[in-house]
Amino acid sequence: MSAPLLDTDLAPAEVSARLEAVWSEPKTLWGWFATVDHKKIGRRYVVTALIFLLLGGLAALVMRAQLGTPDNHLVGPDVYNQLFTMHGSTMMFLFAVPVMETLGVYLVPLMIGTRTVAFPRLNAFSYWVYLFGGAMLWIAFFVNSGPDAGWFSYVPLAGPQYGIGKRSDIWAQMITYTELSGLAVAVNTIVTVFKMRCPGMSIDRIPLFVWAQLVTAFMIVFAMPAVMVSSTMLICDRLVGTHFFNWAEGGDVLLWQHLFWFFGHPEVYFIFLPATGIVSAIIVPFARRKMFGYSVLVLALFATGFLAFGLWVHHMFVTGLPRLGESFFTASSMAVAVPSGMQIFCWIATLWDGRLRFATPLLFVFGFIFNFVAGGLTGVMVASVPIDTQVHDTYFVVAHFHYVLVGGAVFPLLGGIYYWFPKFYGRMLDERMGKWNFWLAMVGFNLAFFPMHILGLMGMPRRIYTYPAEMGWGGMNLASTIGAFLFAASFALLAVNIVRALRRAPGAPANPWDAGSLEWAPASPPPPHNFTFTPVVASREPLWDTPELPVTTGLHADRRETVITSLVEAEPQMCESSPPPSIWPFVAALVISVTLLGSIFTPWALVWGLVPVGITLIGWFWPKGAKEEES
Amino acid sequence: MRRVATIFLVSLLLTNAGSAADGEWPVASGSPQALRFSDLTEINTKNVARLKPSFTFNTGLHHGEESATLVVGSTMYFVTPFPNYLYALDLTKPGAPVKWKFDPHADPASQGEACCDTVNRGPAYADGKVVMNTLDGQTIAVDAATGKELWRAHLANIRIGETLTMAPMIAEDKVLVGNSGGEFGVRGWIAALNLKDGSMAWKAFHTGPDKDVLIGSDFHPFYPQDRGKNLGIKTWPADRWKQGGGNVWGWVSYDPQARLVIYGTGNPGPWNPDQRPGENKWTSGVFARDVDSGQARWFYQWSPHDLYDHDGINENILVDRDWKGSPRKLLLHPGRNGYLYVLDRTNGQVLSAKPFVYINSSFGVDLKSGKLIPNPAKHTQTGKTVYDICPTAAGAKDWEPSAYSPRTGFVYIPHANLCMDEEGVQASYIAGTPYVGAIVRQKPGHGGYRGAMTAWDVAGEKIKWDHHENMPVWSGALVTAGDVVFYGTLDGWFRALDARSGKLLWQYRTDSGIVGQPVAYKGPDGHEYIAILSGVGGWIGAVLTNRVDVRDSTGANGMASAVPDLPRRGKTGGRLYVFRLG
Amino acid sequence: MNWQSALDPHSANARHLADLFWFFTALCAAIWLLVVAALLRAIRHPGLAGEQDPPERQLRKSRIVGALTALTVLILVVFTAASFYTTRSFAWPDMNTLRIKVTGQQWWWQVEYRNHDASQVLTTANEIHIPVGRPVTLELHATDVIHSFWVPDLMGKQDLIPGRTNYLTLQADHAGVYRGQCAEFCGLEHARMAIWVFAQEPSAFEAWRRHALMPNTMPDGGAAAKGAYIFVHRQCASCHAINGSDAAGQTGPDLTHFGARATIAAGTLHNTAANLDRWLADPQAVKPGANMPKVDLSAPDRAALVAFLEGLK
Amino acid sequence: MSSAWARFALLAALLLAGCEREKRVYSGQPATNPAGELYQENAYDVAQGKRLYTWMNCTGCHAHGGGGIGPALMDNRWIYGGKIQQIYRSIRDGRKNGMPAWKNRLTDQQIWQLAAYVRSMGRYVRKDVAPSRDDALNSGKAESRRERSAPLEPGR
C-alpha cells in the first residue's frame with residue numbers, strides 16, 4: 001500500500017485527471033445500471049420526467065379533441081376517464097414533482113460546490129423505483145387497466161366496490177413507488193444541503209434555488225407520509241377488506257379527502273417552490289443584478305412551506321364541513337398569497353433596475369409572472385368559500401390550477417431548460433427557436449386555458465367526457481382545443497430544438513450566460529467529479545465577485561471524497577468518502593418493485609417479497625473490506 | 001278421584017276450555033284461547049322423570065317440523081312441511097300406524113317463496129273435518145275418518161310471494177286463514193271460509209282502504225292514533241301499501257263469548273323503514289274482529305312504523321283473571337319486540353308492557369298513549385350499520401307459542417336471546433322475489449346464552465324464573481295441570497321443567513332439533529301422553545336444513561352468525577315422538 | 001330554460017354569490033393589470049450600472065415592497081371578510097321549510113318530498129319542483145359514490161356523500177326552469193347526470209304536487225295498454241316503479257307521471273316520443289355504461305311502450 | 001433462449017389477461033363470447049353482476065352467498081350444475097323448486113353477468129377478477145379473498 005495520495009502532492013492537471021479516473025464509471029451496460037453519479041441520475045430523471053410530460057400531454061390532447069365539439073364520440077366515457085386520470089396522475093406524480101425535485105439532484109451539488117449527493121446509491125435507487133412505478137402505470141394504461149377514478153382517487157369511486165378491477169390498485173401502488181422515490185430524494189437533498197456545502201457557503205449565501213429545493217424537501221418529508229398512509233389504507237380496503245372508508249361499517253369517506261389533500265395541497269408547492277428557485281436563478285444573470293430582497297425571498301419560501309400545510313380543507317369546501325372551520329381555511333388559503341406576492345414584488349424590483357438580456361430563459365420568466373399572477377389571483381377567488389361553492393369542480397378551477405402549475409412551474413421549467421441545457425449537455429439551444437417556442441407557448445397556453453374560466457362560470461363541470469350542444473359551451477371549448485394544440489406545438493418545437501442541439505458537437509463554454517452561481521464554474525458538461533478542488537465562497541454570486549475561486553485542498557486524489565461542512569457557517573469539518581458505483585440499488589429497486597406489483601394482487605407478495613428484498617439489502621450493505629478512513 | 005278434581009279445577013278456571021277437558025287436543029293452540037294448557041295430571045313433577053318413548057314415527061322429510069299434533073278421538077293428525085302431507089295416526093293400535101295419509105300435491109315452486117323454511121304449523125279440526133293449509137296457497141278440508149278431500153280453496157298466489165304456513169283456526173263455522181309473505185312485498189290478509197264448503201265468508205286486508213280492511217262503524221280502537229279514515233293508505237307513501245305486508249302467519253285466538261277473532265298482523269314490507277315513512281297501518285298490530293262479519297272492533301299497533309321486522313303475529317292468550325284487584329278479560333301477548341303485553345281484550349287498552357328479555361331497541365311502552373318509545377340510537381338506517389340491536393329481526397320471541405297455566409298464573413315463554421347488526425339497503429319490489437332491504441348479522445345476546453324458557457308472572461309483571469339455553473328456543477311450550485312445562489331445543493333435547501320453580505325434571509334427546517309444538521293428550525288407554533315433532537327447520541333451522549354456508553354471516557337473514565354451530569350440533573330429519581310414563 | 005351559469009343568478013343567494021364573484025374579479029383584475037404594468041415598466045426601465053442597488057435605493061424599494069405587502073394583506077382581509085359575510089347571509093337549513101331529500105345515484109337523482117304525513121311523501125326523479133319565494137331545504141344523500149348537487153342559477157354546490165347528510169337551501173325569486181348537473185366526478189356517466197329545477201308560483205306548485213301524488217291511471221285500450229302490459233311484464237318493472245301499476249322496482253328512477261317530465265335519463269335527451277324510442281332501442285348507445293340495459297323489444301312493442309310512457313302525464 | 005421466450009409469453013399472457021379483465025362492453029355480448037365464458041374473466045361484468053345480485057333481490061334468498069331460502073352459492077354444492085352456462089340457465093329459466101325465471105326480467109347480457117358473479121362467490125373465477133368488499137355491512141370475506149371452494153360436485 002502506498003501512502004495516501006493527496007491533491008496537494010500533485011499538479012492541478014494531474015489531480016483533475018486522477019479524480020476523473022476515480023469518479024468516472026465504466027461505460028458498460030453494467031456501468032449504466034450501476035451508476036451513482038448524481039449528474040447522470042439527475043439527467044435521466046429529468047429526461048424520464050419529460051417523457052412522462054409527453055405522455056401526459058398526449059392524453060390531454062386526446063381529451064381536448066374529445067371536448068372540442070359537443071356530443072363528440074371520439075372516445076367514450078371509459079377511455080376518457082382513464083385519460084384524465086392518467087393525465088392528472090402523470091403530470092402530478094410522474095412529471096411535475098419529480099422533474100422539480102430532480103433538477104435539484106443534478107444542480108444542487110454543483111450549486112453548493114460539492115462532488116456528489118450525500119447518499120449516491122439511495123439516489124440511484126430512487127430513480128429506478130420511480131421509473132418502474134411510472135412504467136407500471138403506463139403499461140397498465142396500454143393494457144386497458146389504466147386508473148379511472150381521477151388523480152385524486154376519491155373513495156368510494158376508487159374504493160373496493162366501485163373501483164372495479166385492478167385499476168385503482170395500480171394507481172394506489174404507483175403512489176407508493178413515487179413516494180418512495182420522492183422521500184429518498186428529499187432526504188438526500190436535505191442532508192446534501194445541510195452538510196456538503198462548500199466552505200464559506202453559510203446559510204445566507206445559499207442560492208435561492210437550493211433554498212427552494214431544501215424547503216421542498218422538508219415539505220415532502222412531512223406531507224408524503226399522509227398520502228402513503230391513505231393509499232395504503234385504500235389498498236387495504238380493496239385487497240384485504242379493511243373498513244377505513246366503508247361508511248356503513250364505521251369508516252368515513254371524507255377521511256380519504258382529508259388525508260389526500262393534506263398531502264395534495266402541499267404537493268402543489270413541491271412543484272411551485274422549486275420553480276420559484278428557477279425563476280430566481282434565471283433573473284439574476286439575465287438582469288445582471290443581484291437579487292433584491294434575498295432574505296425576504298427565503299422567508300417567503302419558509303412561509304409558503306409552512307402555510308401550505310394549513311389549507312388542505314379548501315379542496316373540501318362543498319363537502320359540508322362546519323362553517324367556522326371553512327372560514328378559517330379561507331383565511332389561511334388567502335394568507336398564502338402574501339409570501340407569493342412578496343416574491344413577485346422582489347423579482348420585479350430586481351428586474352426594475354437590471355440591465356435585462358432578453359434571452360429565452362428570461363422570456364419564460366416574464367411569461368411566468370404574467371400567467372402565474374393570474375392563476376394566483378384566481379386562487380384567491382377559489383379560497384373564498386362562497387365563490388368556491390360556485391366554481392369548485394368546474395372548468396374555472398381547471399383554468400386556475402393550470403395557470404398556477406403551467407404558468408407557475410412549467411414556464412419556469414422551460415426557462416430553466418433553456419438556461420441549464422448547456423450545462424447538462426455542453427451545447428446551446430437555438431435562441432431563435434427558443435423565442436418562437438416562448439411565444440407559441442404563451443399564445444397556446446392562454447388560448448387553451450383562459451376560456452376555461454368562463455366555461456366554468458357558465459356551468460361546465462370538470463371531468464365530463466361530453467356535453468350537449470344546447471349548453472352553449474361548444475365555441476369556447478373549440479378555442480381551448482385549438483390553444484391546446486398550439487401549446488403542444490410549442491413543446492414539439494422544444495423537442496426539435498433539443499434534438500438539433502444534441503446533433504451538434506459540444507462546445508458550450510463553462511459559463512455561457514455569465515452567471516454568478518457555482519454550477520457554472522466547472523466545464524459544460526461538468527467532469528464526473530464536478531470540482532477538481534472544492535471551492536470556497538464568500539458571497540452569493542461567487543463567480544461574479546471572485547472570478548478566481550479560492551479552493552480547499554488536502555483531499556485525496558485517488559479516492560472518492562467530499563468535504564463535510566458545518567450546518568450554519570459551512571466551516572469544513574471532515575472529509576467523507578463516497579461510494580463507488582453499485583448494481584445493488586438497481587437490483588433492490590427491481591425486487592421491491594416486483595414485490596409492490598405483486599402486492600396489488602395478493603397481500604402475500606409482501607411476505608414472499610421480504611426474502612429477496614432482504615437478500616438485496618444485505619448485498620447492498622455488505623461491509624466492504626476497505627476502511628472508512630478519517631482525513 | 002284425581003280426575004274429578006282436575007275437571008273441577010279446570011272448569012273453574014277455564015270457563016270456555018271446552019273440548020280440552022276430555023283429554024283431546026283438537027286445535028293447535030290447545031284451545032281457542034290459546035293457553036296450551038292441558039288439564040291432564042297423570043304426568044306431574046313427581047313422576048315426569050319416568051317418561052319413556054311410547055312410539056315414534058318417521059316423516060322422512062328434512063325440513064322444519066313445526067306442526068302441532070292434533071288429537072281428536074283416537075286419531076292424531078299433523079301436517080309435514082312441504083310437500084305438506086297430512087297424516088292421521090291410529091292411536092288405538094300399538095305403534096300408532098298410519099290410518100291414512102293425504103297428499104295435497106303442492107306446487108314445488110312454492111318452496112322458493114317461503115321466507116322461513118317450508119314449514120306448516122298444523123291442521124285444524126271441526127265437525128269431522130280436518131282443515132289444512134298448503135305452502136302453495138290452498139286451504140283444504142279432508143274427511144277426518146277417511147282422508148278424502150272434501151273441498152279446497154285456492155287463496156294465496158305464490159307468483160307474487162304469497163304462501164300459507166299458519167295453522168288454520170276454526171271459530172264457529174268459519175275457517176280462518178291468513179297469508180304468509182311479509183318478506184316478499186305481499187299485502188297481508190285474513191280470510192274466513194265457511195267450514196262446510198270452503199266458500200269465502202269474508203276477507204280483510206291489512207293495508208289499503210278501510211273497505212278492504214273491513215273497518216266500519218263498529219271500529220273503536222282505544223288509542224287516537226288508530227282512528228281516522230283510510231289509515232291503511234294515509235300512513236304509507238303513495239302506492240307503497242300495495243306491497244306493505246301485514247300478513248297473518250301466526251296464531252289466531254277466538255273469544256267465543258264475545259264472538260271475537262283476535263290475531264296479530266305481520267311486519268310491514270320492506271324491512272328497511274326509510275322506504276315506508278309513516279305508521280304503516282295495519283301492520284305489526286293486533287286486530288279484534290267480529291267472527292261473523294269480519295268487521296274490525298279494535299286494533300292496537302305493537303310496533304308502529306316497525307324498524308326491525310317485528311311482526312305482531314305471536315299468540316294472544318285470552319284469559320279471564322284478576323288484574324290489580326278486579327276480574328278482567330285480558331289478552332296476554334309476548335311480543336316479538338320483547339314486551340309481555342297485557343291488554344284489555346274488550347277494547348284494546350294496554351294495561352302493562354314489560355320486557356321479558358334485554359331490550360335496547362326501545363325504551364318501553366307509554367301506557368298513556370299506548371305508543372312504543374323507540375331508541376333513536378338503534379334506528380335502522382339506509383346505508384349505515386347499526387350495531388347491537390336487541391332483540392333481533394327474528395324478535396325476542398318468534399312464532400313459537402308460549403303456554404299459560406291458570407294454576408300458576410305464569411306465562412311460559414320460549415324465546416331467543418340474540419342481538420343483531422343491521423344495515424338498511426334500498427329494496428326493490430319485484431313480484432315474487434324477496435322484498436327485504438336489510439343486511440342483518442345476528443349474534444348471541446347479553447349474558448352468554450342464546451335462548452331461554454322464561455316464566456312470566458302476570459300478576460307481578462316480572463320474570464318468575466328463567467331456564468337458559470345455549471341455543472335459541474324455537475319450539476312451542478306446553479304446560480300441564482301436573483305443573484310440568486315441556487319444550488324442545490334446537491339441538492334436540494325435549495325437556496320438562498317444574499312449572500313453579502323452573503327446575504329441570506326430565507329430558508330426552510331426539511334425533512333432530514325441535515321446532516314443533518308439544519301437546520298432551522289422553523290416549524285411548526286412558527293414560528296421558530306427551531307428543532312432540534322433532535325435525536329442525538324454520539328460519540333459524542334453515543342454517544342446517546338449507547345447508548347455509550355460515551362463512552356468510554348474513555346467511556338465512558343473519559341466522560348463520562347466530563347459530564353457526566347448529567350444523568355440528570344436530571341433523572335434519574322429521575320424527576314424531578310420543579312419551580308416556582314407563 | 002335559463003343558462004346554467006353562475007353569472008346568471010335567479011335567486012338572492014346566487015346573486016350574492018355573483019356579486020361577490022364580480023367584486024373579487026374586479027379587484028383581482030386590477031391587481032393583475034398593475035402587476036403586468038409593473039413588469040412591463042421593469043422591462044422597459046433602463047438598467048442601472050453595477051450588480052447591486054445602492055443602499056438608499058434599496059431602502060426605498062424595501063419600503064415600496066413593504067407597503068405593497070401590507071396592501072396585499074389588507075386586500076386579503078377585505079376578501080376574507082366579504083366571503084365570511086356572504087356565507088353568513090345564506091339561510092341555515094331549516095327543518096320546518098319544505099324538505100326535499102335528494103339522493104344521488106349512478107347516474108341519476110332520486111327526489112323525495114318529505115312530509116310528516118306519509119301519504120304526502122312524493123317520489124320522483126331527475127327534476128325538482130319548488131315554489132318560488134320560499135326557502136326549500138334539500139337533504140342531500142348518496143347511496144353509491146360521491147355526487148355534487150349544483151344548480152348554479154340558484155345556489156352554489158354541495159356534495160352528496162355516502163354515509164353523510166348535507167343540506168342546501170334553495171330559494172327561487174321567480175318562476176323558471178333551471179338546469180344543474182352533478183359536479184363531482186362519479187364514474188362513467190358523470191357527464192350525463194343533469195337535474196332540472198322547476199320554480200313555480202305557489203299555486204302552480206301545489207297543483208303540480210297534488211297531481212304528482214296521484215297514481216297514474218292505467219290506459220284501458222290501444223297501444224298504450226299494450227305498453228303498460230309490456231312495462232309490467234317485461235324487464236322494465238324489475239327496476240322502475242309507476243304508481244297505479246303493478247310495477248314497483250326501486251333500482252331505477254320512479255317513472256310515475258313520466259310523460260310530464262322534461263327529459264329522459266337525467267337530462268340526456270329531451271322527452272319526446274322519438275327520443276324515448278331512441279333511448280329504449282339502445283340506451284347504451286346514448287348513455288354508455290348507464291345501468292339501463294338494452295332490452296330486446298320489437299319495434300311495435302317499443303312503440304306501444306313509448307305510447308304508454310308518454311301518456312303518463 | 002426458449003426460457004426467455006416462455007417468460008415473455010407469460011408476461012404477455014398476464015398483460016392480455018389484464019386487458020380482458022378490464023374491458024367494458026355495455027351493450028350485448030362480445031362477439032368472441034358465444035358461450036358466455038368471457039363474462040367470468042371480466043371484472044366489469046362480474047361487478048355489474050354483483051350490483052344486479054343486490055338489485056334483483058337475490059340476497060333475499062341466497063344471502064351474500066350463504067343462502068337461506070335458496071341454496072348457498074359460495075360453497076361447492078351445485079344442484080343444477082356450477083358451470084357458467086348451467087348457472088345462466090338456472091337464472092334464465094328458473095328451477096322447479098322455487099327459483100324464479102328471469103328471462104323476461106333481465107336481459108341476456110345481465111343474466112350472463114349475474115351468472116359470472118355467482119361463479120365468483122365460490123371464487124371459481126380468478127382472484128383479480130372477483131369483486132372486493134362492498135361499502136356495506138360485511139358478511140364475511142369478500143369474493144376476492146375467498147379460497148376457491150373444493151372441486152365442483154356435479155349434483156346433490
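How many salt bridges are there between chain A and chain C? The count is six, a salt bridge being a side-chain nitrogen of Lys or Arg within 4 Å of a carboxyl oxygen of Asp or Glu.

## Basis

This is a predicted model, in which local features need pLDDT of at least 70 and side-chain atom pairs count only at pLDDT 80 or more, while totals for chains, interfaces and linings use all residues. Residues are numbered from 1 along each chain as its sequence is written, chains are lettered from A and ligands numbered from 1 in the order in which they are written, and side-chain values use heavy atoms, with hydrogens and water left out.

## Interface of chains A and C

Contact (heavy atoms within 4.5 Å) joins 84 residues of chain A to 81 residues of chain C. Together the two chains bury about 7,100 Å², with 66% of it on carbon and sulfur atoms; buried area is the accessible area (1.4 Å probe) that two parts lose on being put together, summed over both. Within chain A, the most area is lost to chain C by A:Arg323, A:Trp352 and A:Gln390, together 11% of what that side buries.

A salt bridge links C:Arg57 to A:Asp353, with 2.5 Å between the closest N and O atoms.

## A:Arg238

A:Arg238 is in helix 7 (residues 208–240) of chain A, helices being DSSP runs of H or I with at least four residues, numbered from the N terminus. A:Arg238 has a relative accessible area of 4% and is therefore buried (under 20%, 1.4 Å probe, protein chains only).

Not counting residues up to four places away in sequence, A:Arg238 touches residues including A:Pro160, A:Asp169 and D:Ser132. A polar atom of its side chain lies 2.9 Å from the backbone oxygen of A:Gly159.

Terms used:
Helix = DSSP H or I, 4+ residues; strand = E, 2+ residues; numbered from the N terminus. Buried < 20%, exposed > 50% of the residue type's maximum accessible area, 1.4 Å probe, protein only. Polar contact = N/O pair within 3.5 Å; in protein donor to acceptor, adjacent residues only side chain to side chain.
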